[in-house]
Amino acid sequence: MSAVTAPAGYTEVAGQPRHWYSRLPLHLVLVVVSLIWLVPTVALLVSSFRPPAEVNATGWWTAFQLPFNFTLDNYSSVLTRNNLGQSFLNSLFISIPATVIPVMVAAFAAYAFAWMDFPGRNALFVLVVALLVVPLQSALIPVLQITTAAGLTGTFPAVWLAHTGFGLPFAIFLLRNFFGALPRDMFESAYLDGASPTTAFFRLVLPLSVPAIASLVIFQFMWVWNDLLVALILVGGFPRVAPMTVTIANMVGTLGQNWHLLTAAAFVSMVLPLIVFFSLQRYFVRGMLAGSVKG
Amino acid sequence: MDVGTGVLAVVVVVGVPAITVLYALATEWVLRFLPERGRPRLRPWLWLLPAFAFIGIFLVYPTVYTVVLSLMDRRSEEFVGSANYVDLFGQPLFWQTIANSVMWLAFFTTITVVFGLIVAVLTDRVRYETGVKALIFIPMAISFVAAGVIWNFMYDFNPEVGTVNAAAGALGVEPQAWLFEWPRNTFMLIIVGIWMWVGFAMVILSAGLKGISTELLEAARMDGANEFQVFFRIIVPLLAPTIAVVGTTIVIVALKTFDIVWVMTGGQFDTDVIGTLFYEERFTNRDAGAASAVAVILLLTIIPVMLFNIRRFKAQEATR
């Protein structure tokens, strides 16, 4: 499902030549909708480069009058003085392991669900489907008790473990569906050649599933990168390990109307997702679509 | 942050795949001690074990235990029966929260799906489809927190700063404090959700739309059907299953809403939803019992969607 791809081509009704102006309202509507969707992000981006005195006194739309007056000070300020540089690193330290662990663990289980026979296989997989939509809130209080009892609250591993638990049902679901669609003959000939399931898994299944794994990795990474609730509850009171979402949510409370700082901070948190979006759009959209079932 | 945690993170990234390989080899080694016939019987369970250990400890047990905690006092020490629920139902704040969540459910879901469908149908007819769709999909990439900052800035009271009040001013409307007055503030928060999620609805519905044969649509047009009839009599009925899938997804997003409200109003001015009430009960009021009761209520509202998904999954499996 490559969703954001070339249009299938709208065919005009045969025998009815249309003039370009008959489609003018259509173009107009689409341009207006696009502008409305773009303006909030552009407003943020432009404001983040304007000097504080101007951001808080004149509209961002006036920034394009000569003489231009843009600055990087807001960024250097939030990155150093508001702890955002540290939070950026924390977001990476949280997101990367919280992506690697569930994907690897899920691949194992997905292979068992797709290509091994065992009693209760279907019932167990229905459980996985059911768990997809369980909301974070309904598990978080006991999870906090567990991490506190283990002395992990306020550390990265607490967040890694929680995101692994929350991310696994979807990861298993996605990979099992992909593995299950691989051709059966391939496994039969591999087993005839004496390959063990382990060999088949590492030599055949994983290499052939790179597109599905890429979509899953992107989805899980973005999910963790953009998560506020889990981080807030497990490491929210520990600024040294808090990710950007937590730091920015706190800045909104403390900085209030300092738009030059808030806009810069928000944009720092958006840079990585936007780069991923534009460079890996196909996998990104696929992952988002498949992951939409997740609670 | 100390160097130690950074090193730990690197160790985890390199170590997890290594451990996985070792685990796979270890399972094969263990299985060698079994008689040949027993191996295929034990093997699947060894492959499932790591995943279900995580799911059991960090998802299933906590969810079940939340139900238990909802029947205990604020410090989870004594059983209090249904007292937490009775207390909740007696609070005006709870009913305010439910009213807001119902608003999210009704307006966020409907508008997102309808608007996503309209945009999907319209972009299908132009050559610059890809560009428009990418543009509308972008908000899906950013966090709710960043979106909250973006829209707080849009809604700023000062018409020299806030875009929405500037636009209102151009139309002769006085500057408004968009987030102060209920129910308008909840609507303004819902707009943020719509801005983020229309792209998702659009992309899925657009993919469904490509599956409808153009001959069918052309035949209807040749028979004299106008574009509205084509849309309501052919496109909508044929897309109904896709619309249901998109709708259920967005219903879940609506029910779990937390970040937008938390960042933009902190639940003040009567904007609380179930997600923020849960957090406030646990961390502002330090009442684990009440917070768990809220979480259980949230879980109960999601069960119909869960059953719908299971039914859909079983139907899909039947046709595999």
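Visitor: At what angle do the axes of helix 10 and helix 13 of chain B cross, and within what distance do they come?

Guide: The axes of helix 10 (residues 227-256) and helix 13 (residues 288-318) of chain B cross at roughly 170° and come within 11 Å. Axes are lines fitted to C-alpha atoms, for helices over the stretch in contact, with angles from 0 to 180 degrees between N-to-C directions. This is a predicted model, in which local features need pLDDT of at least 70 and side-chain atom pairs pLDDT 80 or more, while totals for chains, interfaces and linings use all residues. Residues are numbered from 1 along each chain as its sequence is written, and chains are lettered from A and ligands numbered from 1 in the order in which they are written.

Visitor: Why are helix 10 and helix 13 of chain B called roughly antiparallel?

Guide: Angles over 145 degrees count as roughly antiparallel; the crossing angle is roughly 170°, and therefore helix 10 and helix 13 of chain B are described in this way.

Visitor: What makes Leu93(B) partly exposed?

Guide: A residue is buried with 20 or more other C-beta atoms within 10 Å of its own, exposed with 12 or fewer, and partly exposed in between, C-beta atoms being placed from the backbone. Leu93(B) has 14 such neighbours, so it counts as partly exposed. Leu93(B) belongs to helix 4 (residues 92-123) of chain B, helices being DSSP runs of H or I with at least four residues, numbered from the N terminus.

Visitor: What share of the 320 residues of chain B counts as buried?

Guide: The buried share is 41%.

Key. Helices (H or I, at least four residues) and strands (E, at least two) are DSSP runs, numbered from the N terminus. Angles under 35 degrees count as roughly parallel, over 145 as roughly antiparallel, 65 to 115 as roughly perpendicular and the rest as oblique.
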